[in-house]
Amino acid sequence: MKAHKIIFFNQKGGVGKTTTCVNLGSCLAEMGFRVLLIDFDAQANLTGAVSGDGRKSTIYQVVIGKKNAKDALQQTIVKNLSLIAGSVDTAGLAIELVDEDNREFYLKNALSCLDEMFDYILLDCPPSLGLETMNALVWADAVIIPLQCEYMAMEGLNLLMRTITNVRRSLNPELRIMGILFTMYSKRILLNQDVVDDVTGYFKDLVFETVIPRSSRLSEAPSHGLPINIYDKGSAGAKAYAQLAKEVASRVY
């Protein structure tokens, strides 16, 4: 069986893409699935969040053909959870590939050898709609859209949907939206619930039932190089991501 290839996509930064990629991946691994995380953001925050080594082979080297994807795999501190590290060099891919033929397919071609090795491959996109993200959309089977519970975060949602629709029409007909995930939710902030109600009312079945709470423990965990289910398994954030992992597994099987 081929891996389920999922990306975390939102052109707005700070909405929980990396947090969700790391913690969903770790919770799926805890369930016994073979999981690979790919850090495709030049900030490389995902790499540090699982104590990865960015000095070793990186996704940049894989995409430009300097390294085979299998040789770039790192085992993380979490059982069943592997990593291809990120690099600041990834920011230059758009310039390096701009004149290449089939430039949107470089990532897909570079990662094809991994399809049979994992149950899930989760990729953290940069906060942009550039060529790197386009490569991710062409490679992926499914998109998870983390959405912070505030109106400014909602403004770009229609643009995201149009982008995904255009990619599906022209480059990747298999691409689908797995779901919109509300992040940084607080019951004390009335506006948060208004955003949840508005988006759910419009997009209905595309919205995950799981909502990720605003949590200091989720914010602290990356500084220790640990996913939340390792850092503080009893926290509200850990419980939310464990529930999300079950929901994701139910949507793909």
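1. Arg217, Glu220 and Asp232 are joined in a salt-bridge network. The model is a predicted one, and the structure has 8 salt bridges.

2. Lys5 makes a salt bridge to Asp115, with the closest N and O atoms 4.0 Å apart. The two residues are 110 apart and link distant parts of the chain: Lys5 sits in strand β1 (residues 4–8), Asp115 in the loop between α5 (106–111) and β5 (120–124). Is Lys5 buried or exposed? Lys5 has a relative accessibility of 10% and so counts as buried, the cut-off being under 20%. Asp115, at a relative accessible area of 11%, is buried.

3. Lys12 pairs with Glu150 in a salt bridge whose closest N and O atoms are 3.9 Å apart. This pair, too, connects distant parts of the chain, 138 residues apart. Lys12 lies in the loop between β1 and α1 (17–30), and Glu150 in the loop between β6 (142–148) and α7 (151–154). Lys12 is partly exposed, its relative accessible area being 25%. Glu150 is partly exposed at 24%.

4. Arg34 forms a salt bridge with Asp119; here the closest N and O atoms are 3.1 Å apart. The partners are 85 residues apart and link distant parts of the chain, with Arg34 in the loop between α1 and β2 (35–39) and Asp119 in the loop between α5 and β5. How accessible are the two partners? Arg34 is partly exposed, with a relative accessible area of 36%, whereas Asp119 counts as buried at 17% relative accessibility.

5. On the pairing itself, side chains of opposite charge can pair when their charged atoms come close.

6. The largest pocket holds about 500 Å³ of space. Its lining is made up of 30 residues, and those closest to the pocket centre are Gly16, Lys17, Thr18, Thr19 and Met184.

7. Which helix gives the largest share of this lining? That helix is α1, with 5 residues. At least two lining residues come from each of α1, α2 (45–49) and α10 (216–220).

8. What is the make-up of the lining by class? The lining of the largest pocket has 15 nonpolar residues, 11 polar residues and 4 charged residues.

Methods
Residues are numbered from 1 along each chain as its sequence is written. This is a predicted model: local features need pLDDT of at least 70, side-chain atom pairs count only at pLDDT 80 or more; totals for chains, interfaces and linings use all residues. Side-chain values use heavy atoms; hydrogens and water are left out. A salt bridge is a side-chain nitrogen of Lys or Arg within 4 Å of a carboxyl oxygen of Asp or Glu. Helices (H or I, at least four residues) and strands (E, at least two) are DSSP runs, numbered from the N terminus. Buried means under 20% relative accessible area, exposed over 50%, partly exposed in between (1.4 Å probe, protein chains only). On a 1 Å grid over the protein atoms alone, a cavity is a set of points where a 1.4 Å probe fits but cannot get out, and a pocket is an open set with protein on both sides within 12 Å along at least five of seven lines; lining residues have an atom within 4 Å of a point. Grid points are joined across faces, edges and corners, and a volume is the space filled by probe spheres set on the points. Ala, Val, Leu, Ile, Met, Phe, Trp, Tyr, Cys and Pro count as nonpolar, Asp, Glu, Lys and Arg as charged, and the others, Gly among them, as polar.
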